[in-house]
Amino acid sequence: MNPKPPLSLLVALLLVAAPVLAAPTHTGTWSASVKDSQLQLSLRAKDKPGSQMGFPVPLTAFQGLSTANGGTAPFQLIREAGTFQFEGSFSDGEGAGHYRFEPNEAYARSMASLGYPKLTPDEHYQLALFDVTPSRVKELAALGYKDIPLSQLVEVGIFQVTPEYIRTLASLGYSKLSLEQLIQSRIHGVTPERIRALAAEGYKNLDMDSLMAMSIHGVSPEFIREMRGMGYPNVTPEDLVKLRIHGIDPEFMRSMSGGKAGGDTRKKP
């Protein structure tokens with residue numbers, strides 16, 4: 001019979017194993033709906049009942065995912081920062097179940113080398129959720145956005161301020177935007193497509209504040225064309241925003257003019 005190992009040796013082994021056993025994880029519930037080629041995913045952490053994170057993820061980003069009715073096979077979302085393990089089922093394009101997050105310690109070391117030492121479990125989890133990778137941090141630095149505070153780096157991930165987005169805006173004449181301006185432009189839907197569409201309607205070289213105001217208040221190319229059809233061909237961006245703020249649209253103007261399609265082209269709002 002083999003002798004029992006000394007108690008001191010067992011304690012030492014447990015102390016060595018403790019960091020592995022105590023590796024931070026997040027668990028909770030998930031719900032999702034299939035929309036086009038994406039899964040609109042919502043996560044609710046078990047230790048934070050009032051918090052909920054929702055975001056779209058391409059279906060192709062998952063491993064083992066089946067959205068067929070009654071499908072119960074586990075599936076994964078593998079990020080550089082760690083792996084999300086899902087269990088649950090789908091019915092009629094809607095799914096729900098439980099998840100857990102397994103962090104990748106190599107990611108934490110890489111982020112530490114870039115100036116983000118000692119990530120908390122929550123910080124690591126959030127960076128994983130929105131796939132903020134070390135390579136993205138390096139690309140942002142190469143574009144002039146260095147030493148980004150961690151809280152702002154999370155916002156960069158949430159609102160998808162990608163290097164591609166920054167370079168495309170620069171190619172359209174917006175090359176000296178602060179990171180906060182870039183985040184706000186994403187929040188308010190200032191896309192390259194929108195900038196090009198407004199330019200096609202004659203609104204070129206707008207400053208970012210005007211672009212954001214027009215986007216916030218729904219001044220779309222369609223609205224601009226409708227106002228031209230009502231007899232207002234040369235309305236300034238500021239006046240277009242005022243019209244939207246005060247609820248003055250073609251339908252309102254027709255109701256005020258007794259249903260006539262057009263107005264006096266000499267009038268201005």
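In what sense do strand 1 and strand 7 pair, and over how many bridges? They run antiparallel and share 8 bridges. One of these links Trp30 to Gly97 in strand 7. Two strands count as paired if DSSP finds at least two bridges between them. Strands (E, at least two residues) and helices (H or I, at least four) are DSSP runs, numbered from the N terminus.

This is a predicted model, in which local features need pLDDT of at least 70, side-chain atom pairs count only at pLDDT 80 or more, and totals for chains, interfaces and linings use all residues. Residues are numbered from 1 along each chain as its sequence is written, and side-chain values use heavy atoms, with hydrogens and water left out.

Start with the whole protein. It has 12 helices and 7 strands. Of its 269 residues, 36% are buried, meaning under 20% relative accessible area with a 1.4 Å probe and protein chains only. Take the contacts (heavy atoms within 4.5 Å) between residues at least 6 apart in sequence: 50% of them join residues at least 24 apart.

Strand 6 (residues 82–91) pairs with strand 7 (residues 94–103) over 10 bridges. There, Phe90 has Gly95 of strand 7 as its bridge partner. Strand 1 also meets strand 2, again antiparallel, over 8 bridges. Ser33 is bridged to Gln40 of strand 2. The hairpin of strand 1 and strand 2 has 2 residues between the strands, and Asp36 in this hairpin takes a positive phi near 55°.

Finally, the largest pocket. Its volume is about 240 Å³. A pocket is an open set of points on a 1 Å grid over the protein atoms alone, where a 1.4 Å probe fits, with protein on both sides within 12 Å along at least five of seven lines; lining residues have an atom within 4 Å of a point. Of the 13 lining residues, Pro56, Arg79, Phe130, Asp131 and Gln160 are the closest to its centre. Strand 3 gives the most to the lining, with 4 residues.

How values were computed. Grid points are joined across faces, edges and corners, and a volume is the space filled by probe spheres set on the points. Buried means under 20% relative accessible area, exposed over 50%, partly exposed in between (1.4 Å probe, protein chains only).
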